[in-house]
Each structure stands twice: as structure tokens, then as C-alpha cells.
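Thanks for making time this morning. I would like to walk you through one structure, going from the sheet to the cores, then to the contact between the chains and the charged pairs.

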There are 2 protein chains.
Amino acid sequence: MRVYHLYSGGKDSSLAAWILTRIGYEVKLVTVTFGMLDNWKYAEETARRLGFKHEILKLPRELLERAAEMAVEDGRPGRAIQFIHEKALEALASKPDVERVSDGTRRDDRVPYLDLSKARSLEDRFGVAYIRPLLGLGYRTINELVGRLFEVEIRESEELEKSDYEVELRHLLRERGIDPLSIFPRKHYQSRVLGWKEEKVKARG
Amino acid sequence: MRVYHLYSGGKDSSLAAWILTRIGYEVKLVTVTFGMLDNWKYAEETARRLGFKHEILKLPRELLERAAEMAVEDGRPGRAIQFIHEKALEALASKPDVERVSDGTRRDDRVPYLDLSKARSLEDRFGVAYIRPLLGLGYRTINELVGRLFEVEIRESEELEKSDYEVELRHLLRERGIDPLSIFPRKHYQSRVLGWKEEKVKARG
């Protein structure tokens, strides 16, 4: 039972990956890149430290450009992030050997989020199961589990070395002379998982 | 990390309970009764076979009567089932020692289902975390996991010996001279878990 799991190296996608292994799935982590930067390497490094298999999924640069246009048009990043996430899920689900796709989206997220009809449409169009282990968990539960499992680094998005869609989107905006801080919220903390907590490592040993 | 989990003995609430144990929770199963019937015993028996702690939660008969009125008024059971489920979660969450409540509601259920604002309201009013392990899982994933884990009996609701709200609701309607089949769908298959699959038992041994 192999599942391909969209992975940024952050706490949500790491927790979701762990839950998938706990309920019997063989998890393959997949990090999206548009080929502008090599920031996918942070996710690869975290995947290695956690002991997961990891690969990258290269999406066409054109999609990032369309997302950047949306972000500029809206003056905020929500629609752009949603667009990229949907395209990433579709690209993953359309690969011939993929029967199950998953991600770390959670109950309290506004974006990215696929509502019921979008989730079913993804499953039906590509003949896959779409699994979101965190969708029924609130922030208390996620914090409780993350706190037990992972060493986490939390920083502002502009400073953090991580592998989510935002990094390349910010980069492309800067290339076009647009200040990402005119679009992304100024105080936007994000997380990167550094590894298992010591007890967890022992528990696995 | 103890969680109190609303439990009917069916496949959804059994699968959700199993996932909770796999991610580190100490699970206490709780079956609701209005004291009209002793059908909670089926859930108790399944809980025993699966090796979970189990208790019953008695709700006031008046709530079942209000639910029956809703069902009669609507000519279908949705609002009544939703009403009972919300009252059950609230009764459980209001107990002094309860910090976490959970259930087996899933992505593809219409009822019972708490939308985001209701879920947050439950958490905030009672100071609990509300955990729904199946909310991000579609029917393919649930069937795949249930098939690996449990021996399941599937029958029409009218015939099945089980412990969900419907049984007492149907009973009360019959007492009042109302045919439950005028309210509940005629072909409505439900499940009862009989025990672990053999391999699973071995895997635990």
C-alpha cells in the first residue's frame, strides 16, 4: 500500500507522513519544484533524517508564472498557493504507478484546501485515493503530536530554509521587481522539521 | 494522552479508534444510550474483542424524544441523527476529566458532521480537543484499511444488532406507532465489527 505524499519538510507534512506509516502505508515523500531554486533540498534532507524515501516532482515553470500573476492581481497569496497545490496533486495523481496521494492539509487551513467536491473530483479523474491524515485534527492535537515527535525550527517565512511553494513564488516575484512582502503577510511563521525527538529515536531503535 | 471516543461497534468508529491508538493515544470507547434498550451491549462486546476499554454514556430520554419529533417532522432522519451526535459530543466533552473527544465521522458522511465553526465551538466551549481520524479519508481508503483489520458483518439496519443512535430512535418511533421505514431509507446497510482479522491478531501477539 504505497502512498505518494506531498512534502515540504514542515511540521504538518511531516506529521501526516508519520501517521500514514503508523496506519500501514509505505510512504514516499514528494517535493515539488519549478526548477528555479534548489530549495527542495531542505525537504530531502529532512526526509533523510526521518528515514523516509524522497523524490522530487518537477512542475512546469509556466504554472509558477500563472500563480505569480494571481498573487499580484489579488495582492495576497491564497489563490496562487491553492492553484499550485491543486496542480501538484494532479501531476502526482496522473503518474501511471500512483494509486494513492496524500498531503498535510489540516482542518484549520484556509489554503491550500480541497473541498469535498474537489477531493472527489481528484479521485475520480485520476483513479486514486486522496488521503489527508490531518484533516480531522485541530491545532491543539497537531501541536501535541508534533511536540512529542519532532525537533522543529520555527522562523519567519522570509528567513526559513524550506521547500514549500512559497519560496519559489517569492523568488519569482522578486525577479519581477515585486516585493513579496507586499503580497505575503509580514509576520508569517513557518516550521521546518529538523529530526525526531531523542525519545522517538530511542523508541524506534 | 487519553481520548474519549464515541463508539457504536461499527467499522468507522472501530477504525478511528485503531488509528488513535496507532498515533499514541490511550483510547477509551464510549457508547451512548438513552436507557430504552440495552443495545449498547453490542458495542461493549466488540470493544472487548478488540481489546479496548469501554464505558457507556447515558443521555436524557428527553433528547431522544426531541430527535424523534425532528425525524417525524422532516420525514427523514438526518437532522435527528445530527442533533443526537452533537448532544453526545457535548455531554462527553463536559465531563470534568475529559480533555479530548473523538468520533468516527468521515469525509463522505453528510450526517453526523460538525462543520469547522461547530467543531471549533465544541473545542472552545468545553476546553477539549476534538479529533476525527477519518475526516480526511475517502471510502476507498476506509474500505482498504477496514478490510485489512477487521472481520465485519454487514446487514440492513433493521436486522443488525448494533449500538448506534438509530436503534433506539427506531424503537421509540415504533412505540409511538410510526413505522421507521417511513423515515429511514429502506435499503440502508450498516456494519458491525466482529473482531480483528486473523493476521492482525498474530501481528499484535
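In chain A, five strands form an open sheet in the order E3-E2-E1-E4-E5, with parallel pairing; strands here, like helices, are DSSP runs numbered from the N terminus, with at least two residues (E) for a strand and at least four (H or I) for a helix, and two strands count as paired if DSSP finds at least two bridges between them. Strand E3 (53-58) and strand E5 (129-131) of chain A are at the edges with a single partner strand each, so one side of each has no neighbour in the sheet. On average, and ignoring direction, neighbouring strands of this sheet are turned by 30 degrees against each other, where axes are lines fitted to C-alpha atoms, for helices over the stretch in contact, and angles run from 0 to 180 degrees between N-to-C directions.

Before I go further, please keep in mind that this is a predicted model, in which local features need pLDDT of at least 70 and side-chain atom pairs count only at pLDDT 80 or more, while totals for chains, interfaces and linings use all residues. Residues are numbered from 1 along each chain as its sequence is written, chains are lettered from A and ligands numbered from 1 in the order in which they are written, and side-chain values use heavy atoms, with hydrogens and water left out.

Back to the sheet, then. Strand E1 (residues 2-6) and strand E2 (residues 26-33) of chain A pair in the parallel sense over five bridges, and Val3(A) stands opposite Val27(A) in E2(A). Four of the five residues of E1(A) are buried, so that the strand is mostly covered; buried means under 20% relative accessible area, exposed means over 50%, and partly exposed is what falls in between, with a 1.4 Å probe and protein chains only. Helix H1 (residues 11-22) of chain A lies across E1, E2, strand E4 (100-102) and E5 of that chain, and runs at about 170 degrees to E1(A).

What does Gly104(A) contact, if we leave aside its neighbours within four places in sequence? Gly104(A), which lies in the loop between E4 and H5 of chain A, is in contact with His5(A), Asp12(A), Ser13(A), Ala16(A) and Leu134(A), contact being heavy atoms within 4.5 Å. Gly104(A) counts as buried because its relative accessibility is 13%.

Turning to the cores, a nonpolar core is a set of buried Ala, Val, Leu, Ile, Met, Phe, Trp, Tyr and Cys residues joined through side-chain atoms within 4.5 Å. The largest one has 52 residues, and those with the most contacts inside it are Leu15(A), Phe150(A), Leu15(B) and Phe150(B). Apart from it lies another core, of 36 residues, including Ala67(A), Ile81(A), Ile84(A) and Leu114(A).

Next, the contact between the chains, to which chain A and chain B each bring 30 residues. About 2600 Å² is buried between chain A and chain B, with carbon and sulfur atoms giving 46% of that; buried area is the accessible area (1.4 Å probe) that two parts lose on being put together, summed over both. Of the area that chain A buries against chain B, Ile23(A), Arg107(A) and Arg140(A) supply 24%, more than any other three residues.

How many salt bridges does the rule find across the interface of chain A and chain B? There are eight, a salt bridge being a side-chain nitrogen of Lys or Arg within 4 Å of a carboxyl oxygen of Asp or Glu. One of these links Asp124(A) to Arg140(B) at 3.7 Å, N to O. In another pair, the closest N and O atoms of Arg107(B) and Glu123(A) are 2.8 Å apart; Arg107(B) lies in the loop between strand E4 (100-102) and helix H5 (116-126) of chain B and Glu123(A) in helix H5 of chain A, so this pair joins two chains. Arg107(B) is buried at 8% relative accessible area, and Glu123(A) is buried at 2%.

Over all chains, the whole structure has 46 salt bridges. Among them, Arg125(A) and Glu90(A) meet at 3.3 Å, N to O, and this pair links distant parts of the chain, with Arg125(A) in helix H5 (residues 116-126) and Glu90(A) in helix H4 (residues 78-93) of chain A, 35 residues apart. Arg125(A) is partly exposed at 48% relative accessibility, whereas Glu90(A) is buried at 18%.
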